[in-house]
Amino acid sequence: MTPKQWLKAKISVVGVSCVYGLATLALPARVALAQASQTASSSVPSIDQALEAQTASGAALSPDGQRVVYEVSRTNWKDNAFERDLWIADRAGSAHLLTAQVKSSSGAKWSPDGRWVAFVSDRPGQIAETKADTRQIYVIDPTGGEARQVTKLDDGVDGFEWAPDSKTIAFTTKDPLSKAQKDRMERYGEYTVIDGDERMTHLWTVDVTAAPVVAPAKEAKEKSSASAPPFGVPEAHRLTEGDGFSVQGFSWSKDGTKVAFAASKDGELKNGGTTTVYVVTVADKKVTKLVTAPGPNTDPHFSPDGSEVAFVTADGAQYFFYANQKIAVVPVAGGKPRVVSGSFDEDAGLLDWSEKGIYFAALKKTARHLYRLNATTGAVEQVTHPDDVVAIGFSFSKDFSQVAYGAAMPNTGGEIYIASTSGDGAAVRVTHLDDAMKPYTLARREVVRWKSGDGAMVEGILAKPADFDPKKKYPLLVVIHGGPTGIDRPNIAPDRYYPVEQFVAKGALVLRPNYRGSAGYGAAFRALNVRNLGVGDYADVISGVDYLIAQGFVDKDRVGSMG
């Protein structure tokens, strides 16, 4: 099929004759068609039902590995928003709501002693004068009770981590607006000057067990300076400062004396290559640049004995946007970093460093897994199974013997699981949100493979009706993901963008191609669209359409695309 033919492909429609006799004969057929369409539509979720469908994510495993806090989506039609609530469940699957269903609560993390669960929420603040719609940190007793607000920041919290003492939380937030910026905003309204209004993000700590700052009396409040700590919450203390860098991800040392963090020149995307790794000593706030090699160098984690830091690096690649992200380690005392995951051919998402090795997550074609890396030998072991599972959002018990995560198999929806990191026994399913789809007859998804024009092998996901008949001719719709390093998978997820289930129920096939540049297929495949955008990837999509037409079950005159 030529590009011109493909673009001219059309969907046939049923016409109605104006001749009385023929109209009388055609009426029963039209009624039957309408009834068939209604039956097909009722066999799958409606668009409203798809938007209402709940999903589970953000698993946080308790230190003893016996309970898991996770997020469940909620559709807020009134405010036109998808919001999230926190639930808690034990290994047997007994679950209950943990947080109030007001705005969103997310990002749960257990204190190391298991006494508290901290999370962020944009709910209306408990404390007077909390800025609306800002994400503040709250802590809650997992056995019950009300959550307690522990920060009151004008710009809210970006990220946070518990210290090993189970009392202190480190967090990042933007520096406050300058007086000139506030005056300008008051006079002209809110706007940002690119390369002129950049505000640095820095590290702070707060002791969640400390008494809250007492609200000043009216007279004292009128005389108080802008630098006075916010009342109603424990006082937070700055750990890093200045205009030299802007903090991103960070983690505590196992003894709680240091914090390793990644920071860039500023928060601008164009300066992402300046990101590198630092260490700050909590007692004296001394900052040391640990990695001077070309960036980006990100996501640092201490070794169990605190002598080294592992981090993610592009390993000096000039065009790091599509290069493999590798794991390297560097001595805390200083020295040259060494790459320890060099032979692994995908982006390695660093998670944590245990006595048994460095844990990381990575794609494997349309699957996604947890891996364990031996930092000495470079050997990599796949922890999650089976091979076609999509596993995300990993959280470990304190001794790293157990892990909680979200996972989905082909033709199933995502659920929360708990499993052993040793690979013994089957994963324990904690949630059952996918059971809501049992009344419906959903499309069947499968991975298909074809050869593109230059010989590159390409995969895609083909969604077919449950009663698919290879002897029939079906219209074909192509849904093209973005990125370009996006990826489509064969698991079930709510239709939030295109009503794929509705399309298939009405008799169409849907192809979602993972064209060159898509993630999951290694560095070489990801680089095939370099200086080739709109050419090689177009050929991948069109060759996929031609491949399906050649199988005999696609009507070449009824093809459409979206994406």
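Visitor: Which residues does lysine 464 touch, not counting those up to four places away in sequence?
Guide: In this predicted model, lysine 464 touches Ala443, Arg444, Glu446, Val504 and Leu509.

Visitor: Where is lysine 464 found?
Guide: Lysine 464 sits in strand E30, which covers residues 457-464.

Visitor: Buried or exposed, this lysine 464?
Guide: Buried. Its relative accessibility is 13%, and the cut-off for buried is under 20%, so lysine 464 qualifies.

Visitor: And what does the side chain of lysine 464 make a polar contact with?
Guide: With the side chain of glutamate 446, at 3.0 Å. Glu446 is also one of the residues on the contact list of lysine 464.

Visitor: OK, on to the largest nonpolar core. Which residues there touch the most other members?
Guide: Leu462, Leu476, Leu509, Leu511, Leu548, Phe553 and Val554, out of 18 residues in that core.

Visitor: Which strands and helices supply at least two residues each?
Guide: Strands E29 (444-451), E30, E31 (474-479), E32 (509-514) and E33 (554-562) each do, and helix H8 (536-550) does as well. H8 gives the most, with four residues.

Visitor: Let's pick leucine 511. What is it in contact with, leaving aside neighbours within four places in sequence?
Guide: Leucine 511 is in contact with Val448, Trp450, Gly460, Ile461, Leu462, Leu476, Leu477, Val478, Val479, Gly544, Val545 and Leu548. As a general point, nonpolar side chains tend to be buried together in soluble globular proteins.

Visitor: New topic: what's the strand order in the open sheet of four strands?
Guide: E17-E18-E19-E20, with antiparallel pairing.

Visitor: Which strands stand at the edges?
Guide: E17 (297-302) and E20 (338-339). Each has a single partner strand, so one side of each is left without a neighbour in the sheet.

Visitor: How many bridges do E19 and E20 pair over?
Guide: Two, in the antiparallel sense, with E19 spanning residues 326-331. Valine 329 stands opposite arginine 338 in E20.

Visitor: Last one, aspartate 165. Where is its place?
Guide: Aspartate 165 is in the loop between strand E9 (159-162) and strand E10 (168-174). Its relative accessible area is 41%, so aspartate 165 counts as partly exposed.

Visitor: What does the side chain of aspartate 165 reach?
Guide: The backbone nitrogen of lysine 167, at 2.9 Å.

Methods
Residues numbered from 1 in each chain as written. Predicted model: local features only at pLDDT ≥ 70, side-chain atom pairs only at ≥ 80, totals over all residues. Heavy atoms only, no water. Buried < 20%, exposed > 50% of the residue type's maximum accessible area, 1.4 Å probe, protein only. Polar contact = N/O pair within 3.5 Å; in protein donor to acceptor, adjacent residues only side chain to side chain. Contact = heavy atoms within 4.5 Å. Pairing = 2+ DSSP bridges. Core = buried A, V, L, I, M, F, W, Y, C linked by side-chain atoms within 4.5 Å.
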